[in-house]
Structure formats: C-alpha cells, structure tokens
Amino acid sequence: MRQLLQLDIEGILKKRIPLRKQKYIPRFLYVALARLIHQDELNEILRISYPSQGSEFSSKVLKHLAIDVEVDGAENLPSPEHRVVFASNHPLGGLDGIALIAVLGQRYGDENIRFLVNDLLMNVEPLSTVFLPINKYGSQARAAAEAINAEYASDRQIVIFPAGLVSRLQPGGEISDLKWQKAFVQKAIENERDIIPVRFVAMNRKRFYRLAKWRKKLGIKVNIEQATLPAELCASRGKKFRIIIGKPLSFSELKQSGKSFPHLATDIHDLIYTLHKPEKI
C-alpha cells in the first residue's frame, strides 16, 4: 500500500536551506507561501486522486475539479502504430498538461506516451510515469539528451509544449504562446514523425497576465507569476476547456519545404491559432 502523498512546502524548503539559516526565516513566511500555492486544496486533490498514476490520476483530478474537456478533431488522432509528435500551446501551466495526459493516455495507453517537461516536474510523482525530463544544464544534461533521442526513436507518441513557458499577454491584447523552440521540429523530421498541431482553448485569470506584465515592466527577471499557477489551477473548478486536434503535418513535406527549423517552428506556432482565435482580455 502506498503512503499518502502530501505537499509540505515548509518541509521542502527546509531540506534546501542550511540548518544555520533556518532560524532566520519566520514561521509566518512558510504559512504565507502555503496559502499562496493553495497547499490545502492541492493536498485535497492528492488525497482523492493518489495513488493513481498517469492518465488515471489526471482523469480523477479533472473529475474532482468538475472540469469538462471537449475534444474537437478526434478523427485527426493517428492510429497507435503511427508515430507522431503532438505539439500544443501552453495556456494554463498545469491543467492543460493534465487534460492532454488524460485524453492521450486513454487513447494510446500511458506506456505509449511521453510528455517532455522541465526536469523539476519529475517531482510530481503521480505523473512521472509519463513525463520525460528536459535537463539543459549540469551533469545530467547529456543523459537527458540521450533519453530524449531514444524516445523520439521509439514507438511511443511524443507530447510537448514547444514554448516551454505558459502563454502570455501580447501587445495586441491576445493571449498566446511565446516563441516556440525548434527542437521538436528537428527531432520529428530526423525520426520521420508527423506533427499533430494541438490548440488548447483556455486562459488563466486576468491577474496572472497583469502580474507578468508588471513584473516585466519593473525589470524583475525572476518569473514570480509562476508561483500563482497552483492558484490558477484551483480557480479552474467547474470550467470547460476545449482541445482542438489539427490535421497531421507530414514530416516529409516539412523537410522538403526548405525552411529552417526555427522558421518551421514559428509556422506551426501560428498555425495552431488559426484553429481557434486567441483569447483576449
């Protein structure tokens, strides 16, 4: 029987702070951080959804939050034998990944999907079975790169948020992804995988984008708005999201286009927003 998994922000931080410095950190700061990340609500989700793993865990999270996910273009989902890369926008910073895992895991089986994520997300133990870490720095970078290459060469379906970061407010008032990185296009072509463009129709609350905007204006480099994403997850209770599956983009046609990998990544980024107009605030 698995031990109940619970989030303890105070315990996590104390493991990373030298003992001699812990006495200088007031107790109220830990309490404030726990409230900021909605620790009690997240632990309630874990109590209900754990020890389920992967798509089963994701489905339980959606059910607990009474979130309805509508899928359009399901006919564009390839057969399990057809190796592809699912490239999606990243509007929410948590629930979009959870919803995609629920949908694609049910279609292909958890053992047949791998979601490329920041290596820090490997600490989300219930989803670690479907996550594949991207570690760009340190001694583990080479091992991570080899693991990624092996997965692209495998028969599993690859899922990725090419922007890496959550969508932001653009100058025109639209909510859309930042620049997409080229690696997913390059790897798809090298491994003869078609690319399935995915449009996740959703947005966080206005305050998330305003915080990001003011943080940038003030020249603060630390991505402080990321700390509010757990609150955004909890605030999504009862909402309805829409996933639009686009038609496959042939790797051979992408290769024959003669365009550079960054150019192709930008083209696909722009393409997904033709599947549905970006939201505005």
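Guide: Contact here means heavy atoms within 4.5 Å. Keep that in hand. This model is predicted.

Visitor: What share of the contacts in the protein chain with a separation of 6 or more comes from residues 24 or more positions apart?

Guide: Those residues account for 76% of such contacts. One case is I196, in strand β8. The C-alpha atoms of I196 and F86 are separated by 4.8 Å, though the two residues are 110 residues apart along the chain.

Visitor: Which residues is I196 in contact with, leaving aside its neighbours within four places in sequence?

Guide: The partners are N76, P78, V84, V85, F86, A87, I245, G246 and P248. I196 counts as buried, at 0% relative accessibility.

Visitor: How do I read the overall build?

Guide: Start with the elements. The protein chain has 12 helices and nine strands. Then compare its radius of gyration with the globule rule. The radius is 19 Å, close to the 19 Å that the rule gives for 281 residues, so the chain is as compact as a globular protein of that length. Its C-alpha atoms fill a box of roughly 60 × 50 × 40 Å along the principal axes.

Visitor: What part of the 281 residues is buried?

Guide: Buried residues make up 45% of them. The cut-off for buried is under 20% relative accessible area. The protein chain exposes about 15300 Å², and carbon and sulfur atoms supply 55% of that area.

Visitor: How many positive and negative side chains are there?

Guide: There are 42 positive and 30 negative side chains. The centres of the two sets lie 9 Å apart.

Visitor: How do I read a helix against its surroundings?

Guide: An α-helix has 3.6 residues a turn, so residues three or four places apart point the same way. Now take α5, which spans 54–64. Its buried residues are G54, S55, F57, S58, V61, L62 and H64. What covers them includes α4, β1 (68–72) and α6 (95–108).

Visitor: Which residue just after α5 takes a positive phi?

Guide: That is A66, with a phi of about 55°.

Visitor: Is E192 buried or exposed?

Guide: E192 is exposed, with a relative accessible area of 52%. This residue also has a positive phi of about 55° without being a glycine. Look for E192 in the loop between α8 (183–190) and β8 (194–201).

Visitor: Where is the cis peptide bond?

Guide: The cis bond joins Y50 and P51, with omega at about 15°. P51 is found in the loop between α4 (39–49) and α5.

Visitor: How do I read aromatic pairs?

Guide: Check the ring centres, then the planes. Planes over 60 degrees apart count as edge-to-face. The structure holds six aromatic pairs. The rings of W180 and F184 have their centres 5.6 Å apart and their planes at 80°, so this pair is edge-to-face. W180 is buried, at 2% relative accessible area. F184 is buried too, at 1%.

Visitor: Which residues do ring pairs link into a cluster?

Guide: The cluster is made of F115, F131 and F161.

Definitions and conventions:
Residues are numbered from 1 along each chain as its sequence is written. This is a predicted model: local features need pLDDT of at least 70, side-chain atom pairs count only at pLDDT 80 or more; totals for chains, interfaces and linings use all residues. Side-chain values use heavy atoms; hydrogens and water are left out. Helices (H or I, at least four residues) and strands (E, at least two) are DSSP runs, numbered from the N terminus. The radius of gyration is taken over C-alpha atoms; the globule rule is 2.2 Å times the number of residues to the power 0.38. Buried means under 20% relative accessible area, exposed over 50%, partly exposed in between (1.4 Å probe, protein chains only). Accessible areas come from the Shrake-Rupley method with a 1.4 Å probe; for residues, only the protein chains shown count as cover. Lys and Arg count as positive and Asp and Glu as negative; His and the chain ends are not counted. The place of a charge is taken as NZ of Lys, CZ of Arg, CG of Asp or CD of Glu. Rings of Phe, Tyr and Trp (its six-membered ring) pair if their centres lie within 6.5 Å; planes under 30 degrees apart count as stacked, over 60 as edge-to-face and the rest as tilted.
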